[in-house]
Amino acid sequence: MVPLYLHEDRFFDPDPAIRSVARELYAATRALPLVAPHGHVAPELLAENAPFPDPATLFIKPDHYIFRMLYAQGVSMESLGVPSRDGTPVETDPRVIWRRFAAHYYLFAGTPTRAWLDYQLAKVFEVPVALDADSADLVYNHLAERLTEPAFRPRALYERFGLEVLTTTDAATDDLRYHRALRDEGWGGKVRPCFRPDALFRIAQPEWGQHLHALEARQEAQLGSYAAFREALWDRRQAFKALGAFATDHAVVDPYTHRLADADAEVLYQRALGGTATVADQAAFEAHLLMEMAAMSTEDGLVMQLHPGSYRDHNGPVAERFGPDMGADIPVATEYTRNLHALLNAYGNHPNLTLVLFTLDEAAYSRELAPLAGHYPALRLGPPWWFHDSIEGMLRFRQQTSETAGLYNTAGFNDDTRAFCSIPARHDLARRVDATFLARLVARHQLTEREAHRLARALAYDLVRQTYRLDQEE
Amino acid sequence: MVPLYLHEDRFFDPDPAIRSVARELYAATRALPLVAPHGHVAPELLAENAPFPDPATLFIKPDHYIFRMLYAQGVSMESLGVPSRDGTPVETDPRVIWRRFAAHYYLFAGTPTRAWLDYQLAKVFEVPVALDADSADLVYNHLAERLTEPAFRPRALYERFGLEVLTTTDAATDDLRYHRALRDEGWGGKVRPCFRPDALFRIAQPEWGQHLHALEARQEAQLGSYAAFREALWDRRQAFKALGAFATDHAVVDPYTHRLADADAEVLYQRALGGTATVADQAAFEAHLLMEMAAMSTEDGLVMQLHPGSYRDHNGPVAERFGPDMGADIPVATEYTRNLHALLNAYGNHPNLTLVLFTLDEAAYSRELAPLAGHYPALRLGPPWWFHDSIEGMLRFRQQTSETAGLYNTAGFNDDTRAFCSIPARHDLARRVDATFLARLVARHQLTEREAHRLARALAYDLVRQTYRLDQEE
Amino acid sequence: MVPLYLHEDRFFDPDPAIRSVARELYAATRALPLVAPHGHVAPELLAENAPFPDPATLFIKPDHYIFRMLYAQGVSMESLGVPSRDGTPVETDPRVIWRRFAAHYYLFAGTPTRAWLDYQLAKVFEVPVALDADSADLVYNHLAERLTEPAFRPRALYERFGLEVLTTTDAATDDLRYHRALRDEGWGGKVRPCFRPDALFRIAQPEWGQHLHALEARQEAQLGSYAAFREALWDRRQAFKALGAFATDHAVVDPYTHRLADADAEVLYQRALGGTATVADQAAFEAHLLMEMAAMSTEDGLVMQLHPGSYRDHNGPVAERFGPDMGADIPVATEYTRNLHALLNAYGNHPNLTLVLFTLDEAAYSRELAPLAGHYPALRLGPPWWFHDSIEGMLRFRQQTSETAGLYNTAGFNDDTRAFCSIPARHDLARRVDATFLARLVARHQLTEREAHRLARALAYDLVRQTYRLDQEE
């Protein structure tokens, strides 16, 4: 077996002039608190603080970053214990799943998943050996033992990770019971909801009616008109805000924005109620509701996040058997300049709007996103998202946006994860890559070291707090 | 206060093997004359040779590269003295504006604007300290004093910068009085006009009538037919050429080209005269006129420049208050292969056409532009434009075009600036980046040092002269 | 004259930490056999084993990589001996052509063509001096002499190059006589056909009828129905397979896939027979036939290759005079996520399909191709294609796909060339670039050296054999 060893200089450029500066910058940011303004950890994790189950259930079954790569190489999802929707039997022995994963761990060479996992094994769980087929059982036993210890329960890890705030993502119709419980209990950690109303915008989807009923139930009111629907959205935002939410989040395929006349919005809403809304109706309704959300943000100050460009559930047979979030969400080319014109003209100059833009289409970095963020006061560029949350992905983001947008028009780091234990790994990677990016500017004599130190702190800590208005909370 | 110091190795890759070659290559090109075949300096600057006013009027108020970045961070354009159109009062005290700018100068960290400004402060004006809130007054005073000296008037700077030729960009209807005055006066510098007829092509714009009237006035003729209009364009080209113009310039959103039958062009022209031309009419008319311009270039030899892909004045409220060129021109995805098919099939093999292509869409570099330029004899790739005129932007351009287009199918450097004092800074930056790009090829053993020296000179001087046919003038 | 010298460290990153690892990785892969699963060498070359003619006919006249670059600089194709279709006289003296080429060889500085040619001159032909105007005759004489020697006949070179298999690309209607002869003769080398039926799919092209007649002749049957046509395609696949084919290849502009009802396919086929098929009909027919091809691959196990996104014969006047493949094929933006949805949903989870995807649109690497390949078990990413088969192009491919797709979902290297003597040069370049890419991961502490060795071998040899199922042959 091979010892597991994380090199102190990992992810830094090996050039000595760059590396030495990167070391210093990283040393100054590594211990800063972790701010997690956008992610997908379940709030019950912290509310209930139950021990994590076995290693396979912790690391493999719920993580589409992991099982997609084995699936791509012909390992069935059933054999990895991914729960099926249709009753297809799946592997239930966590040790068997773990061994299968370990035997294929070499597939992750050069991926961020590998970097995050090695960090978790080495730093969070102090596993002494590298994971492979030979070490599978030893690592499994080591992890399983740790998971029984109090120090490895969610709240203990929250403290140990140095989290300052952890944000979940919650449907607009969610009852927020876990957030309420956390608030009422008065536990010291900050766990915050984020308002995500997408499902209510998708009027052409068969499930829309259910989501509307959920909203009606939550509001204890019938929402027979667009005005009532809009009002309900506003109320839910305020309910989220009352539990500490500081942001909303919106996922669309195209970030098209366009304000409808009230009467036209009403027509679409009535079609939705009647179950006759078309895909084109939905596109118009979503475009209008993004305008409404931005308008509401200028009033309630919730930071608006926009995550466009993912074609969800591309693999029909897999979606049918296993449901959404199965590693088959595939990006599409995304246009921002024309699509966001209406929204930015209406609200982009407003001092109370902050709109954080994300993309899966890197071609938009230098072409559209950086020029937009380098002009509109409301805009900040979100960090490299999803597939691009990686070493090369982060370097491309910085190299392709900084010169035009300026570093101060970016929003700091988001870990955007549902894998709680990976949070420190992801922040650590981001801080290292930003350190090496800035060090390169120093080594090319574009920045002084003093400036680089100020920027390293900004990218790791200050900008995310400022963007999400956390510095205004205190 | 911190001393202002430009490192001798700035912008070079820090790898010693690369850096040492880069130094040699740069040493061989740094003192070559500056050729500026495309830019936006006002010709009266040289014709009148008046002293520059105060530092704020020189550096901030007219430079959208600068004020957009402060605007993006919430600093109002009024407070920076940007002149309003609608009578909104703006800050008039240049020292107040300067202090505001200095306090926000850190926002430019890692941008080319910062590199250009530091060069101007350090090399052109010999400012001893880095600009920040503390040094604002000292720097202001230093600059204000210099600006009163004869050595800092435009013509003295033209000489000191080592300019060989400086090109302005002029409406087709311009009277070219300053160019005529310069020619008549016989001052030693070469200041040349460039023919930019865009406004006359935009038949759906409300201002089109005015531009046509200006053309009629210039021609002392009524232009009641397309044939007469076309003839007038030809005449204006010759008037420009008589004053030394060697190029035309064309800005369109999409570089669509398509020749209309004369009768169809006439129909569109009559609609334009009647004020009923649509946006689609304009697109067809522009596509046709690009064909006409290329045809005329094969006759008169004016080099044709095409700058597509900018969505102008994206921010309506800002455009309304402050007018165009306010930092809110945002790129859009740009297609070249199909759009230029008609033009390249008709004229791309013609020995007397040179067409210099620019892009704001870097995705087109390796996909379309390099393959086109590596085949059509008429084509040359213009240097990285606007947002991409930067260290990383230039490296991407070279890395993504050179292997397919070959370095000799590129057009050398354009500073493309209205900021006269930034010209040497921009050329210096380009020469340094090209030196480090070529040095990397040497360090990877793709080129000999001798070849790299030949190329360094070509990229800095020979190719721009050849592309714009300046070597045929002498 | 300057000695011709290939540096041992060529193409490696000059950073000492990277270079030292790259050297080791390359040392371990440089001598592995060459697997060429996709290319355009004529099978008669090996079947007849005739000596190559003169240097100009070997290197220049048939190679659009070469003459396009001279053409782009104003050197006529006639003067380079490129055969014309229309009787235009062209230069016939190979020495004159060679001198012209040599005088322009500097144009290739920084291109892969230069790297491949220098390798061929230095390593294959042992030319002692660098090619330029001065050395043109000396090099010509040296080459001409070598070409008369038995050691420089195709089969001798096949052995010397270390080829393990060489694949040609053959029309579906080809009689495969040379492949049959090679098989019957029992020469030790493996030369395999590849099934390329594109011409039969293009029902809107005037030549379609001829291609159909060729198919009918080959099948000795009239193909009056779509069912018969489909059956004939299946039969031809099996005929190819019987001669050792392991793959099919498909070139389309857009990789649109969509299954038609049989009746609708029949309607299109009848229109094709009647000569009335439109461009839209062709698009639908191609989309349907890609589905059929994938379905057949699940049955016969032929690996499916898809090469979309080239706008062929962009330069009409050149195509008219010289025909296709004249350096004027220009890429267009290419969409994969939506276009491949139908095919991947139907067959992308099938264990017997392998689909190798290529692109000329690098914007798709990180946006669409890597996410698709990191999920669908049927998918592998082909190596950087055509213009992107270059040092920077390969680095971009690895940097933009590896973190998301994983290195094991790539298909190894394809030389894709018709220039037989360039094959070892191309593989050598690819192995060097992959070595430096992996060495960078080691130097950044993302991989151990042991892992990098395993990967270097995979990228150079194992993955191509596995992808194209050559490891199942033995």
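Me: What classes of residue make up the lining of the second largest cavity?
Reply: In this predicted model, that lining has 14 nonpolar, 3 polar and 3 charged residues.

Me: How many residues line the second largest cavity, and which lie nearest its centre?
Reply: The lining consists of 20 residues. Nearest the centre are Arg398(B), Phe413(B), Ala430(B), Asp434(B) and Leu459(B).

Me: What volume does the second largest cavity have?
Reply: About 200 Å³.

Me: Switching to the chains. How many residues are in contact between chain A and chain C?
Reply: Chain A brings 48 residues to the contact, and chain C brings 43.

Me: What area is buried there?
Reply: Chain A and chain C bury about 3800 Å² between them. Carbon and sulfur atoms account for 52% of that area.

Me: Which residues of chain A lose the most area to chain C?
Reply: Pro14(A), His314(A) and Glu392(A). Together they make up 16% of what the chain A side buries.

Me: How many salt bridges are there between chain A and chain C?
Reply: The count is 4. One of the pairs is Asp361(A) with Arg367(C), whose side chains meet at 3.0 Å, N to O. Another salt bridge joins Arg114(A) to Glu451(C), with the closest N and O atoms 2.8 Å apart.

Me: Where do Arg114(A) and Glu451(C) sit?
Reply: Arg114(A) is in helix 6 of chain A, and Glu451(C) is in helix 20 (residues 449-467) of chain C, which makes this a pair that crosses between chains.

Me: Which elements of chain A supply at least two residues of the side that touches chain C?
Reply: Helix 4 (64-72), helix 6 (112-124), helix 15 (316-322), strand 9 (330-331) and helix 18 (391-405) of chain A each do. The largest share comes from helix 18 of chain A, at 5 residues.

Me: What about the classes on that side?
Reply: The side of chain A that touches chain C has 27 nonpolar, 12 polar and 9 charged residues.

Me: Now chain C and chain B. How many residues does each give to the contact?
Reply: Chain C gives 48 residues and chain B gives 43.

Me: How much area is buried between chain C and chain B?
Reply: About 3800 Å², with 52% of it on carbon and sulfur atoms. On the chain C side, Pro14(C), His314(C) and Glu392(C) supply 16% of the area buried against chain B, more than any other three residues.

Me: How many salt bridges cross the interface of chain C and chain B?
Reply: There are 4. Among them is Arg114(C) with Glu451(B), where the closest N and O atoms are 2.9 Å apart.

Me: How many residue pairs are in polar contact between chain C and chain B?
Reply: The count is 29, with both residues at pLDDT 80 or more.

Me: Which helix of chain C gives the most to the side that touches chain B?
Reply: Helix 18 of chain C, with 5 residues. By class, the side of chain C that touches chain B divides into 27 nonpolar, 12 polar and 9 charged residues.

Me: Last one. How many salt bridges are there over all chains?
Reply: A search of the whole structure finds 100.

Note on methods:
Residues numbered from 1 in each chain as written. Chains lettered and ligands numbered in written order. Predicted model: local features only at pLDDT ≥ 70, side-chain atom pairs only at ≥ 80, totals over all residues. Heavy atoms only, no water. Contact = heavy atoms within 4.5 Å. Buried area = accessible area lost by both parts, 1.4 Å probe. Helix = DSSP H or I, 4+ residues; strand = E, 2+ residues; numbered from the N terminus. Nonpolar A, V, L, I, M, F, W, Y, C, P; charged D, E, K, R; others polar. 1 Å grid on protein atoms, 1.4 Å probe; cavity = no way out; pocket = protein on both sides within 12 Å on 5 of 7 lines; lining within 4 Å. Points joined across faces, edges and corners; volume = space filled by probe spheres on them. Polar contact = N/O pair within 3.5 Å; in protein donor to acceptor, adjacent residues only side chain to side chain.
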